[in-house]
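Please have the sequence and the model open while reading.

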Amino acid sequence: MNDLERYFREKYLSENTIKTYLRNISIFINWYSGEIINIDPIIVDNYKKYLMEERKISIRSVAAYFNSLKIFIKYVYERYKIVTKLSVINEYGKLIRVNIPHIKHKIKDINYNKELSVKEVKRLLKAALKANERDYLLFLTMTLTGMRVSETLSLKVFQLKDLMIEVTLKGRTRSLILPPSLKSKLKKFTKEFESESYIFKSNRKLDKALDRKTVYSLMQKYAGEAKLKKEKCFPHNLRKHYTVNEINIGTDIQTLADELGHKNLETLRIYKERSIEEKRKRMQKIAKKYG
């Protein structure tokens, strides 16, 4: 597993992502006793049954295990040129696809009424600004860009010079535009920083960025000061807040998926359906005024 872990680190994956991939791949390796080149759809189907029947893993979680298996098959090809019966190689010798079936499952709208409203986010930002400019700008950046917390924490000062910034996660890179007002604030905040410095530096280790755990703790702290419900105040909820805002102003799902780095559109469709339903209810209330 040492080389596999090294492979993930070369792709600059987060620690949590690396741990998840290594755990999931270990489960497959311990279950499968055959040769890697013989992995085929029948093996995958049997693996699915094993996960669900013996390990009692939900269908939604099976999708994550399948994704890890895809990553493993990509790894053995890139490192050792091992081609499985699921691998699709183009004429240039590049692995272009791993034919593992997509697991379809109904995603419930479990976050309905749990997102932060505009007023609540403003209160959170106000509390952070009163205490610490770095924390305020961190939350503001996530609010205005929809970036994941790990992506936001990876930002460095030199990236502010470019029109677009590039963020990488899970081996995929995408480009984002920072709102001019936000970029101006960040440049002013970091004007004394070294070019290679992280924008959101740790107080204890100035050559390191804040970690996710600290960001969560800070958000909980400011939630208390702003008298917000703490169960609604966690970093990923700022990404959801951005998503809802974009859908409400009419951004199409595919464009939004590209901006957010989403592969699966199902979650975004839930927000879209909710937006349409809420609009229908509002229009019905207006219609009632006229009989």
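Axes are lines fitted to C-alpha atoms, for helices over the stretch in contact, and angles run from 0 to 180 degrees between N-to-C directions. Helices (H or I, at least four residues) and strands (E, at least two) are DSSP runs, numbered from the N terminus. The model is a predicted one, in which local features need pLDDT of at least 70 and side-chain atom pairs count only at pLDDT 80 or more, while totals for chains, interfaces and linings use all residues. Residues are numbered from 1 along each chain as its sequence is written, and side-chain values use heavy atoms, with hydrogens and water left out.

**H6 and H9**
- Helix H6 (residues 133–145) packs against helix H9 (residues 212–225) at an angle of about 100°, the axes being 11 Å apart.
- H6 is therefore roughly perpendicular to H9, given that angles under 35 degrees count as roughly parallel, over 145 as roughly antiparallel, 65 to 115 as roughly perpendicular and the rest as oblique.
- Arg134, Asp135, Leu138, Phe139 and Met142 of H6 meet Val215, Leu218, Met219 and Tyr222 of H9, where contact means heavy atoms within 4.5 Å.
- This contact of H6 with H9 comprises 7 nonpolar, no polar and 2 charged residues, with Ala, Val, Leu, Ile, Met, Phe, Trp, Tyr, Cys and Pro counted as nonpolar, Asp, Glu, Lys and Arg as charged, and the others, Gly among them, as polar.

- The axes of helix H5 (residues 118–131) and helix H10 (residues 235–248) come within 11 Å and cross at roughly 140°, so H5 and H10 are oblique to each other.
- On the H5 side the contact is made by Val118, Val121 and Leu124, and on the H10 side by Leu238, His241 and Asn245, which gives 4 nonpolar, 2 polar and no charged residues.
- H10 and helix H11 (residues 253–260) have axes that come within 11 Å and cross at roughly 155°, which makes H10 roughly antiparallel to H11.
- Arg239, Tyr242, Thr243, Glu246 and Ile247 of H10 contact Leu256, Glu259 and Leu260 of H11, a set with 4 nonpolar, 1 polar and 3 charged residues.

**The second largest pocket**
- A pocket is, on a 1 Å grid over the protein atoms alone, an open set of points where a 1.4 Å probe fits, with protein on both sides within 12 Å along at least five of seven lines, and its lining residues have an atom within 4 Å of a point.
- The second largest pocket is lined by 27 residues, of which Tyr12, Ser14, Ser150, Ser154 and Tyr198 lie nearest its centre.
- By class, its lining has 11 nonpolar, 6 polar and 10 charged residues.
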